[in-house]
Amino acid sequence: MKIQNTTFSAIALATAAMTSGARAADPAFLDEVVVTATPMSAPLFIETDPAIPRQPLPAHDGADYLKTIPGFTVMRKGGTDGEPVFRGMAGSRLNIMVDEQSLAGACPGRMDAPTAYVFPEAYDRMTVIKGPQTVQYPNMGSAATIRFDREPRTYTGPARSFMGSVLGASFGRHDEIVRGEAGDVGYYLQAGANNSQSGDYEDGNGRAIHSRYRRWSANAAVGLTPDGDTRFELAATRSDGYAAYADRMMDGTRFDRENFTFKAEKANLSPLLSKLSFQLGHNSIDHVMDNYSLRTGAMMRMSSRVGITSTQARLTVRLALAPDLAAVVGANWSDSQHGRDLMSNGIVTDDARIGNAGVFGELSKTLSPTLKSVSGVRIDAWSADDQRSASSTAGRSRSERTYAGFTRLEQTVATGTVAYAGIGHTQRFPDYWELFSMSSANAPASGASALNTVRTEKTTQADAGMLYRRGPVDVSVSAFLNRINDFVLIDYNQLATGVTGIATNVDAQTYGTELAASYRVNDLLRLTSGIAYVRGTDTTNDRPLAQLPPLEARLGFAIDHPRWLAGGVLRVVAAQERYHAGFGNIAGKDLGPAAGFGTVSLNAGYRPTKNSLILFGVDNLFDKDYAEFISRSGMTSIGGYVPTMRVNEPGRVLWLKASLAFD
Ligand SMILES: [Cu+2]
């Protein structure tokens with residue numbers, strides 16, 4: 001395959017899986033055939049190929065794919081489109097980006113976390129950056145930045161490739177994925193499509209959960225590479241689907257997203273100017289929900305349609321200031337228009353507009369052959385316009401500036417061993433949900449608008465950790481401690497007519513740690529483990545901070561033979577006794593204590609040829625009946641379904657996946 005600059009990871013997937021051990025770098029983790037606990041690949045950075053199979057089998061959406069990274073949990077609503085949570089932080093505390101564009105959903109009821117519009121296997125790479133340790137992206141995630149990217153291609157001769165996979169699983173689930181690429185000197189084409197569908201799953205007690213779904217997406221990109229340093233690309237994506245939800249009175253019947261992106265980049269402009277990149281993206285989401293298409297028994301038919309259209313532009317310049325000093329400086333701009341149909345008639349009118357413009361600079365300096373520093377600053381201007389007619393702030397606007405900065409040191413202690421420590425500060429302008437879906441803490445009973453009362457959240461966080469790779473041992477550990485001033489805590493207890501929740505500001509503190517480790521016993525057998533722990537306090541009310549997951553640990557094994565493979569994972573989650581009932585974030589609230597649980601999952605696979613892999617798995621082998629602490633309530637009465645305290649997780653799931661790659 002004649003491709004420069006890049007590992008062609010879509011194909012690398014299956015082939016990595018198939019020619020295990022052939023990849024020289026980082027043999028310990030990166031050739032993991034079935035991912036159960038993803039480690040850090042560099043200080044604070046986790047990079048993984050979304051095409052590599054994961055266990056337990058994720059729903060085909062962005063949130064579920066993050067579950068194999070220690071520290072992530074997913075708030076369940078149904079079969080798909082769960083809300084990703086990292087270190088107990090959800091909503092816009094996680095910056096979710098696709099092709100370097102921040103993604104936001106449209107649903108005021110939060111049916112569509114941004115990850116509901118992400119189809120992981122359409123991308124080459126999924127990256128998580130922990131904490132406020134980068135300033136390069138708008139809507140800077142105070143807890144984490146999560147990116148889904150396609151790798152740029154440059155061909156030096158004619159080549160083409162293709163990969164496809166099919167999956168069948170319990171409860172009528174089936175997924176189909178195809179991707180193809182072709183190119184030659186000067187140009188390339190990429191296209192892909194995928195479909196995922198499932199019936200209602202059953203929990204460990206055999207109860208059907210109202211959870212069926214379908215999701216599909218199609219994408220295409222055409223690129224021109226007039227020379228090795230220049231690239232122009234035009235890309236388009238379209239996706240849609242439906243999802244039944246067990247936690248609410250309505251289901252999502254349309255999740256229609258369209259995206260167009262234009263990118264231009266030029267490298268090696270001068271010894272100083274190493275790269276110039278520009279991109280312009282346009283996103284539109286059309287979301288419809290109702291209480292009759294996917295369920296029966298509605299006394300009165302109800303539906304609602306909402307939408308968001310956003311345009312984003314971004315310019316970055318990479319500078320080689322000195323042999324030991326590199327910088328990236330840039331600017332970004334975005335304009336997002338939200339709308340909804342107030343009369344349930346499908347006619348969407350504008351209700352909120354959020355604008356952002358920011359500049360940033362990040363500097364990395366080599367202080368000695370073993371010591372490196374990375375630092376950055378960022379300034380953003382924000383505006384939010386209340387375009388609702390019936391609102392206590394109708395016609396009013398809010399404008400604000402936010403500031404962010406960080407610095408960290410990375411010390412190479414020995415070959416394969418890096419220690420790091422850093423501190424960062426970021427200010428988070430409230431998001432659409434906090435500003436426009438929630439009511440003001442100043443006048444909760446009247447449902448007054450929170451637009452001008454909810455304050456910007458300020459996070460100051462220390463991050464430290466270590467990566468250790470030596471012989472058969474691979475360990476990465478990270479720890480953090482933060483102080484969050486004006487944490488936006490949603491109070492769902494004081495409900496009145498027309499009030500969803502009250503946006504309050506409290507001061508909070510959280511700390512925690514994640515660990516991922518592996519030990520290669522011999523050529524065939526590797527043992528893996530992952531641990532995540534977080535603890536937090538609402539210091540204003542002297543209560544546990546709501547929506548923090550309990551301690552969890554994963555222990556796994558993987559056997560990898562050139563022809564066949566096998567693996568398994570035991571996931572053990574402690575009980576959670578620390579909670580603050582009725583309080584939470586824009587996506588959910590604490591429902592009460594939760595019991596601990598353990599589940600076992602197993603997989604086995606066979607490689608009939610160098611380019612194909614057949615994988616079989618059993619998740620929740622013992623059909624355990626359980627729910628995660630962080631979950632939506634399952635108490636909604638839906639015709640034909642038994643209400644449960646939380647939305648229970650799936651019982652035993654059998655699945656079979658076959659992948660094929662050609663080049
Ligand atoms: Cu909705």
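How many nonpolar, polar and charged residues does the lining of the second largest cavity have? Point 2 gives the answer.

1. This is a predicted model, where local features need pLDDT of at least 70, side-chain atom pairs count only at pLDDT 80 or more, and totals for chains, interfaces and linings use all residues. Residues are numbered from 1 along each chain as its sequence is written, and side-chain values use heavy atoms, without hydrogens and water.

2. The second largest cavity holds about 560 Å³ of space. (On a 1 Å grid over the protein atoms alone, a 1.4 Å probe fits in a cavity but cannot get out; lining residues have an atom within 4 Å of a point.) Its lining has 14 nonpolar, eleven polar and ten charged residues. Asp, Glu, Lys and Arg count as charged. Pro56, Leu57, Lys67, Arg76 and Pro650 lie nearest the centre. Strand β3 supplies the largest share, three residues. (Strands are DSSP runs of E, at least two residues; helices are runs of H or I, at least four.)

3. The largest cavity has a volume of about 720 Å³. Its lining counts 47 residues, with Ser102, Leu103, Ala104, Asn139 and Trp382 nearest its centre. By class, 20 are nonpolar, 19 polar and eight charged.

4. Now a pocket, an open set of points with protein on both sides within 12 Å along at least five of seven lines. The second largest pocket has a volume of about 1000 Å³. Among its 42 lining residues, Pro108, Gly109, Arg340, Ser437 and Thr500 are the closest to its centre. Helix α3 gives the most to this lining, three residues.

Terms used
Points joined across faces, edges and corners; volume = space filled by probe spheres on them.
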